[in-house]
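Please read them with the structure open.

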Amino acid sequence: MSIDQVTSSSVLDRVLVLEMVRVTEAAAIAAAKWIGRGDNDSADAAAVEAMRAKLNLLPIDGTVVIGEGERDEAPMLYIGERVGSAQGDGPGIDIALDPLEGTSITAKAGPNALAVLAIAEHGCLLNAPDVYMDKLAVGPGYPDGLISLDRSPADNVRAIAAHKGVEANEIIACVLDRPRHDAIVAELRQLGCGIKLIPDGDVAGVIATADPDTGIDVYMGSGGAPEGVLAAAALRCVGGQIQGRLLFRNDDEVGRARGWGIDDLDRIYTTADMARGDCIFAATGVTDGSLLEGVHSRKDCVTTESIVMRASSGTVRRVAAEHYRHGSQRSL
């Protein structure tokens, strides 16, 4: 379904657009206190606690469908947890979240750490198990069927280049810098195309394909399936495309997938399979990156930069905010 075919949802009232930003801002500010401290767990815990507190202030009946893990693995924002102040009365929405996408990035003060959140009406976000997912993504402007996970990385690059009317060596691909991607990198190098290797943060990597300023044409490689759903929600808002196929390393992961009702283990999920209907995506930078500026502390305030998108309107808003500390006053 194209962006102009997505109808506005009365459940996702317009007020929720900016409320989602307030939620990701709170998580980002909390996590930012741990930038460069070398403590992944504390950074993540701070973001989780702040995001949950903000979500529980909203007049919604929310259910976490992508979260910090199953109930016995996560004390809060676990999959299935209900959040919001209007449970049973307010609008029912599904929530996919990653309070700190890039815990190790934050601990090491690296680039592109984000606080991320997506919401949609009940049943519109894929309940993806916490396994790896092979991903292939491009930004808006490409016809359906141009790219496919059933084709080789080289063939996908050639197809993108042909559509753009350029040579394959002019295409820039974004790939997570992992040993498991050595074969992809070698194949792309053989074509002569550019490769942007990123240390972490594949949500930002996927979204970068929709931002002309990054110069990234395509995202390739495997990463977390929950992050794939979050990225799909973002691309759904701007007309980009992502394909995902779950990857299983052992029988336990296969069993978990079947427990989630997934029987076709080789299925290729499209953008609309992972994020259907109207949805809202929000992200706030924790550390500086290609997508967003990170949290910065000044003498009297903290600054944040966020992005918020909505599928039904096709709008992308960037929100720069100054959060003044209690008791401080802005001089005019």
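1. T24 is buried, with a relative accessible area of 0%; buried means under 20% relative accessible area, exposed over 50% and partly exposed in between, with a 1.4 Å probe and protein chains only. T24 belongs to helix α1, residues 15-32. Helices (H or I, at least four residues) and strands (E, at least two) are DSSP runs, numbered from the N terminus. With neighbours within four places in sequence left aside, T24 is in contact with M51, A115, V116, L117, A282, A283 and T284, where contact means heavy atoms within 4.5 Å.

2. On provenance, this is a predicted model, in which local features need pLDDT of at least 70 and side-chain atom pairs count only at pLDDT 80 or more, while totals for chains, interfaces and linings use all residues. Residues are numbered from 1 along each chain as its sequence is written, and side-chain values use heavy atoms, with hydrogens and water left out.

3. The model has an open sheet of 6 strands in the order β7-β6-β8-β5-β9-β10, with mixed pairing; two strands pair if DSSP finds at least two bridges between them. Its edge strands are β7 (194-198) and β10 (268-269), each of which pairs on one side only. Helix α4 packs on the sheet and touches β5 and β8, its direction making about 140° with that of β8. Helix α5 also packs on the sheet, touching β6 (172-176), β7 and β8, and its direction makes about 155° with that of β7. Axes are lines fitted to C-alpha atoms, for helices over the stretch in contact, and angles run from 0 to 180 degrees between N-to-C directions.

4. Strand β5 (residues 132-138) is mostly covered, with 5 of its 7 residues buried. It is joined by 7 bridges to β8 (residues 218-224), and the two run antiparallel; here M133 stands opposite G223. Another 7 bridges join β5 to β9 (residues 241-247), again antiparallel, with I242 in β9 as the bridge partner of A137.

5. How do the axes of α4 and α5 cross? The axes of α4 (residues 153-164) and α5 (residues 182-191) come within 9 Å and cross at roughly 45°. That makes α4 oblique to α5, since angles under 35 degrees count as roughly parallel, over 145 as roughly antiparallel, 65 to 115 as roughly perpendicular and the rest as oblique. The crossing of α4 and α5 is right-handed, meaning that the near helix is turned clockwise from the far one by less than a right angle.

6. In that contact, P153, A154, V157 and R158 of α4 meet I184, E187, L188 and L191 of α5. The contact residues divide into 6 nonpolar, no polar and 2 charged. Ala, Val, Leu, Ile, Met, Phe, Trp, Tyr, Cys and Pro count as nonpolar, Asp, Glu, Lys and Arg as charged, and the others, Gly among them, as polar.

7. Two backbone angles deserve a look. Most residues other than glycine have a negative phi. L77 is not a glycine, yet its phi is positive, about 55°; L77 sits in the loop between β1 (61-66) and β2 (82-83) and is buried, with a relative accessible area of 0%. N112 also has a positive phi, near 75°. N112 is found in the loop between α3 (103-108) and β4 (114-121) and is buried at a relative accessible area of 10%.
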